[in-house]
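Let's take a walk through this fold, from strand pairing to ring contacts to the cores. Have the model open as you read.

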Amino acid sequence: MNLLIMSDIHGNKSALLSVLKKVNAKHRIDACILLGDIIDYGMHSNEVIDILKGLSYPVLCNIRGNHEDAVVNENYERFSSERGRECSKFTRSILTQNSWDYINQEMSDRGFYEFECAGKKCLAVHGSIEDEFWISLKPEDELSVYQKYDYVFSGHSHIPHYIEKYYSVNNKNARNKKKVIFINPGSVGQPRNLNPMAQYVILDIKTEKVILDKVVYDILSEQSAYKGQVDEFYKNRLEMGI
């Protein structure tokens, strides 16, 4: 059961196309998990949505990120900068009806979703249980609140991680241990781990084989779409992965 896990595409068409080209050439994908923030920052939010609508495999979960939530509700107060607020307002202004239909009908209106896959209890959350939209789940956090799950998939930080945590339970067959696997695929379109490549995860949920992968994409092509619509910061950061 191979899952493609993507988060934080952020309107970056070139990055998304490069991920899908590599993934479809190298893997048999059974389903996809989308962890939010498919829009904003980038200049191709509508095009990204069109690409996602055309995926050839089912989407197991498709949750909102803080950017979808802010744009839908026109609530920009929690962005950390004025450039972020203005960028999201611009994104709202250019969304097509097709994009609005996708956000409102195909994406969950929440930032978390519980589901089962291959007998595993899973949680998909854009941020964290503490705050589904705005606070990231971090490896250094105290994570016992998640121990009822087998897998926890999260985004928002734009920094990939893979963590295994073990908790004490009354299960002699498992030597009284309960394992939870935490996966953040990083960001497809706006990475912040000092690596500008588009980042994602391939997971075989049954065997627990995890590939935290990266792919080069045409950054210059994506930057060429920025023509003063938003602060140049969002264009320039693509080169450095910051």
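Predicted model: local features only at pLDDT ≥ 70, side-chain atom pairs only at ≥ 80, totals over all residues.

Residues are numbered from 1 along each chain as its sequence is written, and side-chain values use heavy atoms, with hydrogens and water left out.

Strand β5 (residues 120–125) runs parallel to strand β6 (residues 151–154), and four bridges join the two. (Strands are DSSP runs of E, at least two residues, and helices are runs of H or I, at least four, numbered from the N terminus; two strands pair if DSSP finds at least two bridges between them.) Both belong to an open sheet of five strands, ordered β4-β5-β6-β8-β7, with mixed pairing. At the edges stand β4 (112–117) and β7 (161–168), each with a single partner strand, so one side of each is left without a neighbour in the sheet.

On to the rings. The whole structure holds seven aromatic pairs, meaning rings of Phe, Tyr and Trp (its six-membered ring) with centres within 6.5 Å; planes under 30 degrees apart count as stacked, over 60 as edge-to-face and the rest as tilted. F79 and W134 make an edge-to-face pair, 5.2 Å centre to centre with 85° between the planes. This pair bridges distant parts of the chain, 55 residues apart: F79 is in the loop between α3 (66–73) and α4 (82–94), W134 in the loop between β5 and β6. F79 has 7% relative accessibility, so it counts as buried (under 20% relative accessible area, with exposed over 50% and partly exposed in between, using a 1.4 Å probe and protein chains only).

F115 is in strand β4 and F153 in strand β6, 38 residues apart. Both are buried, and together with Y113 and Y151 they form one aromatic cluster.

Finally, the packing. A nonpolar core is a set of buried Ala, Val, Leu, Ile, Met, Phe, Trp, Tyr and Cys residues joined through side-chain atoms within 4.5 Å. The largest has 40 residues, with L4, M6, L16, I38 and L52 making the most contacts inside it. Helix α1 gives the most to this core, with five residues. Apart from it lies another core, of 18 residues, and F115 is among them.
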